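Biologist: I would like to learn how to read pockets, cavities and ligand contacts. Can we work through a case together?
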Amino acid sequence: MTGVLDGLGAGLPVLAAPMAGGAGGPELVRAAAQAGGLGFLAAGYKTAEALAAQIREVRATTSRFGVNLFAPNPVPVDTDELAAYAAAIQGEGTPYGLDLTAVPVTEDDDDWDRKVELLTGDPVPLVSFTFGIPDSATVQRFRRAGSLTVQTVTDAAEARAATEAGVDALVVQAASAGGHSGTLTPDRLPADFALPELLASVRSASALPLLAAGGIATPDAVRDVFAAGAVAAVVGTVLLRSEESGASPPHRAALADPARRETVLTRAFTGRPARALRNRFVEEYDAIAPAGYPAVHHLTGPLRKAATAAGDPELVHLWAGTGFRQATREPAGDILRRLASGL
Ligand SMILES: Cc1cc2nc3c(=O)[nH]c(=O)nc-3n(C[C@H](O)[C@H](O)[C@H](O)COP(=O)(O)O)c2cc1C
């Protein structure tokens, strides 16, 4: 690896992306480090205490890892639109005994302040941010504590803002990426530029080191992003079926199901654009889903949890990037090493 990431000692420049919601836990982070690379522990949806426990678990086997935070950038929901959406999806909750119309409107900040306290008091090697850009004083707190700071951006304007905030490096995330887009304007879908093109556009806006993410699933794709100037590739979807992934059984099965032909960008599940395998929930509700994160996330959460437990993939957020066909069931380290083999 070149430049800014050298200090972390990661010789394998294909990194395991942060994946909140269970997929990217300590086992995957450990596997990425053992392969010679680095993984990001996902702090999203967790309390600061739960994050601290996972950091302890990772530190038992490696000191090379990152922690990814959802930085506050709420899109407050229109409560009438949310109520109408709850009424529209209620029919899906009834078989599970759920009253989705009674779910309280929740606009939380994912325990941001306490996570900042935790990570600046007991620093980790790398901290990355998505959804929002912390103010420069907060970025400096992390840097003074000794962490490398990395910001996810999805276009040149966001890259400029992140550079001004003082981070050390950028993750350039294309719309092909699985899971949530890190866009700063989640009330509209991110533009669909190919990753090498997006890297070139971001390069014109910032001199910071660039890590590339979104749809990377083959050694050729890794070579392409390096040729476009990236210093590392960050992959999520290709690891979702790995032995160390924490993805749920219906999610794993859907990724391997030949009947699943495509992914779509949708805010039906959480109110923020995210890429998922097309399923019935997306087909029926994408068009009427309001913008509004995290309120929509909290509204649909009980339904997604119940459907996951029941093994019904049609109501689950099946996060997946465009390279999902390449997701294989094997050790994560083998996948990461193979992806880097053409460099
Ligand atoms: C299941 C899943 C969960 C994700 N959770 C997060 C997250 O918590 N934080 C984050 O910055 N990105 C998250 N992402 C996006 C990844 O960091 C990364 O940008 C993406 O996986 C790259 O595209 P790919 O999936 O096509 O490899 C998630 C992606 C997936 C597939």
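Biologist: How far is an oxygen atom of the ligand from an N or O atom in the side chain of glutamine 173?

Modeller: First, a caution: this is a predicted model. The distance from the side chain of glutamine 173 to that ligand oxygen is 3.0 Å. The protein covers 96% of the 590 Å² of accessible area that the ligand has on its own.

Biologist: Which backbone atoms come within reach of a ligand nitrogen, and how far away are they?

Modeller: Look at alanine 20. One of its backbone N or O atoms lies 3.0 Å from a nitrogen atom of the ligand. Proline 18 also takes part through its backbone: a polar atom there is 3.3 Å from a ligand oxygen.

Biologist: Which residues come nearest to the ligand?

Modeller: There are 22 residues around the ligand. Asn68, Gln173, Gly215, Gly236 and Thr237 come nearest.

Biologist: Now the empty space. How is it found?

Modeller: Rolling a probe the size of a water molecule over the atoms shows where empty space is left. In this model, the largest pocket has a volume of about 1,000 Å³. Its lining holds 50 residues, and those closest to the centre are Pro18, Met19, Ala20, Gly179 and Trp319.

Biologist: Which element gives the largest share of that lining?

Modeller: Helix α11 does, with six residues. Other elements give two or more residues to the lining of the largest pocket, including β3 (66–70), β6 (169–173) and β9 (232–235).

Biologist: Where does the second largest pocket lie?

Modeller: Between the two domains, because both domain 1 and domain 2 give residues to its lining. The second largest pocket holds about 280 Å³ of space. Of its 19 lining residues, Asp108, Asp109, Asp110, Tyr293 and Pro294 lie nearest the centre. By class, that lining has eight nonpolar, four polar and seven charged residues.

Biologist: What about the backbone there? Which peptide bond is cis?

Modeller: Start with the general rule. Most residues other than glycine have a negative phi, and most peptide bonds are trans. Here, a cis peptide bond joins tyrosine 293 and proline 294, with omega about 10°. Proline 294 sits in the loop between α10 (280–285) and α11.

Biologist: And is phi of aspartate 110 positive or negative?

Modeller: Positive. Phi of aspartate 110 is near 60°, and this residue is not a glycine. Aspartate 110 is in the loop between α3 (79–93) and α4 (112–121).

Biologist: Last feature. How many cavities of 30 Å³ or more does a search of the whole structure find?

Modeller: One. A pocket is open, whereas a cavity is a space where the probe fits but cannot get out. The largest cavity has a volume of about 30 Å³.

Biologist: Which residues line the largest cavity?

Modeller: Its lining is made up of Thr154, Gln173, Ala174, Ala175, Ser181, Pro190, Ala191 and Leu198. By class, the lining of the largest cavity has five nonpolar residues, three polar and no charged. Gln173 is also one of the residues that come nearest to the ligand.

Note on methods:
Residues are numbered from 1 along each chain as its sequence is written. This is a predicted model: local features need pLDDT of at least 70, side-chain atom pairs count only at pLDDT 80 or more; totals for chains, interfaces and linings use all residues. Side-chain values use heavy atoms; hydrogens and water are left out. On a 1 Å grid over the protein atoms alone, a cavity is a set of points where a 1.4 Å probe fits but cannot get out, and a pocket is an open set with protein on both sides within 12 Å along at least five of seven lines; lining residues have an atom within 4 Å of a point. Grid points are joined across faces, edges and corners, and a volume is the space filled by probe spheres set on the points. Helices (H or I, at least four residues) and strands (E, at least two) are DSSP runs, numbered from the N terminus. Ala, Val, Leu, Ile, Met, Phe, Trp, Tyr, Cys and Pro count as nonpolar, Asp, Glu, Lys and Arg as charged, and the others, Gly among them, as polar. Domain bounds come from an automatic or database domain assignment. A residue is near a molecule or strand if one of its heavy atoms lies within 4 Å of it. A polar contact is a pair of N or O atoms within 3.5 Å; within protein, one must be able to donate a hydrogen and the other to accept it, and residues adjacent in sequence count only if both atoms are side-chain atoms. Accessible areas come from the Shrake-Rupley method with a 1.4 Å probe; for residues, only the protein chains shown count as cover.
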